[in-house]
Amino acid sequence: MAVSAAHFRNLDSSLDSLKKCSKYVLTGMEFASEVALDVQEMTANEDQVQEVEDVLVEYAAMERDLNQFVEAVETVKHQLKSGELSDHVAVEKALSEQLEVGQQGNSKEQLLQHEMITSLHEKLRDLKGEEDAEPSPQPGGSQAGGDDDDDDIQMTQTEDNLKCPFTQQEFKEPVKNKKCGHVYEKGPIIQHIRRKKGVKCPVGACANTDPLSEQDLEDDLETRRKIQKKNRQAGRKEARNRDMPF
């Protein structure tokens with residue numbers, strides 16, 4: 001059976017769907033990474049962190065398989081357009097061969113080199129370093145060496161970094177501009193975009209001169225994690241203060 005123009009349209013539609021799936025997989029990987037960091041910060045339970053890491057590896061395998069399939073289909077599509085393939089049997093055989101070529105060398109070790117997995121490992125090492133360096137409470141609830149003052153300095157620095165440059169208020173629902181990396185409070189920046197067309201990044205001296213659009217904004221999971229960490233620091237300080245003798 002000959003391949004018609006309708007088959008090409010169906011093929012293009014299928015490819016678009018697969019590429020959208022890849023974006024969903026990436027979102028899942030980002031979420032899994034944040035969960036692993038939260039577990040490490042809140043419980044430091046190595047088994048639970050490893051479980052979440054295993055989920056991240058599964059997502060990486062899904063992304064790899066999707067990308068390899070899309071690449072194989074794109075190659076076969078090119079062969080179809082150039083007249084190298086003429087019927088369904090030849091198409092199926094060519095696709096099978098391309099998939100086999102793409103899957104050569106697949107391994108778990110390869111997956112562990114995924115950018116998001118190596119980034120997670122670095123962040124986990126940083127967190128573990130912070131936890132190891134955190135001093136233990138001294139008798140009477142005080143910290144040796146003026147650590148309460150250190151906490152005050154650290155929290156002040158954190159609070160300064162967690163204020164929206166547009167509203168000058170602390171973040172509650174931070175979103176990041178994908179084009180320049182600046183972070184804003186979601187509600188006010190969207191209202192700003194809708195109220196005045198053609199507005200640009202409100203951060204002074206921003207090199208991004210493109211008009212802002214809602215499509216440029218994405219949830220900033222990293223800033224959310226920093227907010228959670230700041231709240232935990234405040235909770236620990238409050239607990240120490242309650243334990244101090246009057």
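Mentor: Strands (E, at least two residues) and helices (H or I, at least four) are DSSP runs, numbered from the N terminus. Keep in mind that this is a predicted model, where local features need pLDDT of at least 70 and side-chain atom pairs count only at pLDDT 80 or more, while totals for chains, interfaces and linings use all residues. Residues are numbered from 1 along each chain as its sequence is written, and side-chain values use heavy atoms, with hydrogens and water left out.

Trainee: OK, how many bridges join strand 1 to strand 2?

Mentor: Three, and the two strands run antiparallel. Pro174 stands opposite Glu185 in strand 2. Strands 1 and 2 form a hairpin with five residues between them, and Gly181 in the turn has a positive phi of about 90°.

Trainee: And which way do strand 1 and strand 3 run?

Mentor: Antiparallel again: three bridges join strand 1 (residues 174–177) to strand 3. Here Asn177 stands opposite Leu217.

Trainee: In what order do the three strands lie in the sheet?

Mentor: In general, strands of a sheet pair through backbone hydrogen bonds, either parallel or antiparallel. In this case the sheet is open, with the order 2-1-3 and antiparallel pairing. Strand 2 (183–185) and strand 3 (217–219) are at the edges with a single partner strand each, so one side of each has no neighbour in the sheet. On average, neighbouring strands are turned by 40° against each other, direction ignored.

Trainee: Which helix packs on the sheet?

Mentor: Helix 7 does, touching strand 1, strand 2 and strand 3 (contact means heavy atoms within 4.5 Å). Its direction makes about 90° with that of strand 2; axes are lines fitted to C-alpha atoms, for helices over the stretch in contact, and angles run from 0 to 180 degrees between N-to-C directions. Helix 7 spans residues 186–195 and holds His192.

Trainee: Is His192 buried or exposed?

Mentor: The scale is relative accessible area with a 1.4 Å probe, protein chains only: buried is under 20%, exposed is over 50%, and partly exposed is in between. His192 has 17% relative accessibility, so it counts as buried. Setting aside neighbours within four places in sequence, His192 is in contact with Phe166 and Val199.

Trainee: What does Phe171 touch?

Mentor: Phe171 is in the loop between helix 6 (147–161) and strand 1, and at 7% relative accessibility it counts as buried. Not counting residues up to four places away in sequence, its contacts include Leu162, Val183, Tyr184, Thr223 and Ile227. The C-alpha atoms of Phe171 and Ile227 are 7.8 Å apart, although 56 residues separate the two along the chain.

Trainee: Where does Gln168 lie, then?

Mentor: In that loop between helix 6 and strand 1. Most residues other than glycine have a negative phi. Gln168 has a positive one, near 60°. Ala205 also has a positive phi, near 65°; its place is in the loop between helix 7 and strand 3, and at 85% relative accessibility Ala205 counts as exposed.

Trainee: Now the helices: at what angle do helix 2 and helix 3 pack?

Mentor: About 140°, with axes 9 Å apart. Under 35 degrees counts as roughly parallel, over 145 as roughly antiparallel, 65 to 115 as roughly perpendicular, and the rest as oblique. Helix 2 and helix 3 are therefore oblique to each other. Among the residues making the contact are Phe69 and Val76 of helix 2, and Val91 and Leu95 of helix 3.

Trainee: Which residues of the largest nonpolar core touch the most other members?

Mentor: In soluble globular proteins, nonpolar side chains tend to be buried together. A nonpolar core is a set of buried Ala, Val, Leu, Ile, Met, Phe, Trp, Tyr and Cys residues joined through side-chain atoms within 4.5 Å. The largest has 23 residues, and Met29, Leu56 and Leu120 touch the most other members. Helix 1 (5–42), helix 2 (46–81) and helix 5 (115–133) each supply at least two of its residues, with the largest share, nine, from helix 2. Leu120's contacts beyond four places in sequence include Leu37 and Leu56. A second, separate core of 16 residues includes Leu162, Val183, Ile193 and Leu212.

Trainee: What does the secondary structure of the whole chain come to?

Mentor: Eight helices and three strands, in the pattern α-α-α-α-α-α-β-β-α-β-α. Of the 246 residues, 32% are buried.

Technical notes
Two strands pair if DSSP finds at least two bridges between them.
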